[in-house]
Amino acid sequence: GFVPEGFLPAEGAVDEKSVGLLKECGIRWIATDEVILFKSLGSKDRNALYSPYNYKGMCIGFRDHGLSDLIGFTYRFWDADKAADHFIASLLPINKEHPEGTVFVILDGENAWEFFPNNAFDFFEALYTRLDDTAWCRTLHMDEVAALEARPLERVAPGSWIHGEFNTWVGHREKTRGWELLYIT
């Protein structure tokens, strides 16, 4: 019943052509990984990470890989309150360096929650309570981020959030043959 304004490409996989196609479809924002930003800028300066970017009219959020993976892979083994406290503590040094910054925490929607106790309900309750109680921090939806001032981005390096590459899907003989068979069908 609504037209989407944003899109999370599978595994954060992007390239300039796909960004253009998404823009033609009316998409205003996409999200991907920090490694794509670093490759696009030709620099691994983490100070560049905490801002939305504008590439030819497309707002792009580049996730903080480490923070995202804490939620996706680490905190499921922790007590919910301890994990939430650790996450807030992990945001504190970023806030000190970038008090007006935007930190992107982005996960595949289906991967993490089934491994948390109680489908992560306890973790989410603890985390969002702490975020709500933290005066220097507020949560935003990407639709809200798309309205913020964004840094210009001249190019988008191709890749995904799996090492900034596409080699999970291509580049091996058997994978190439699989894609050929799909194309033929």
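**Exercise 1.** Which residues make a nonpolar surface patch of about 310 Å²?

*Solution.* Keep in mind as you work that this is a predicted model. The patch is made by Val170, Trp179 and Leu182. Now look at one of them: tryptophan 179 sits in helix 7, which covers residues 173-184. Its relative accessible area is 45%.

**Exercise 2.** Find histidine 98 and decide: is histidine 98 buried or exposed?

*Solution.* Begin with the place: histidine 98 is in the loop that runs between helix 4 (80-97) and helix 5 (121-133). Next, take its relative accessibility, 18%. Buried means under 20%, so histidine 98 counts as buried. Finally, see what it touches: with neighbours within four places in sequence left aside, histidine 98 is in contact with Asn47 and Tyr50.

**Exercise 3.** Describe the surroundings of histidine 141. Where is histidine 141 placed, and which backbone atom lies 2.9 Å from a polar atom of its side chain?

*Solution.* Start with the chain: histidine 141 belongs to the loop between helix 5 and helix 6 (142-145). Its relative accessibility is 45%, so histidine 141 counts as partly exposed. Then turn to the side chain: the atom you are looking for is the backbone nitrogen of aspartate 143, 2.9 Å from a polar atom of the histidine 141 side chain.

Key. Residues numbered from 1 in each chain as written. Predicted model: local features only at pLDDT ≥ 70, side-chain atom pairs only at ≥ 80, totals over all residues. Heavy atoms only, no water. Helix = DSSP H or I, 4+ residues; strand = E, 2+ residues; numbered from the N terminus. Buried < 20%, exposed > 50% of the residue type's maximum accessible area, 1.4 Å probe, protein only. Contact = heavy atoms within 4.5 Å. Patch = residues over 30% accessible without salt bridge, like charges linked within 9 Å, V, L, I, M, F, W, Y side chains within 5 Å. Areas by Shrake-Rupley, 256 points an atom, 1.4 Å probe, with all protein chains shown as cover. Salt bridge = Lys/Arg side-chain N within 4 Å of Asp/Glu carboxyl O. Polar contact = N/O pair within 3.5 Å; in protein donor to acceptor, adjacent residues only side chain to side chain.
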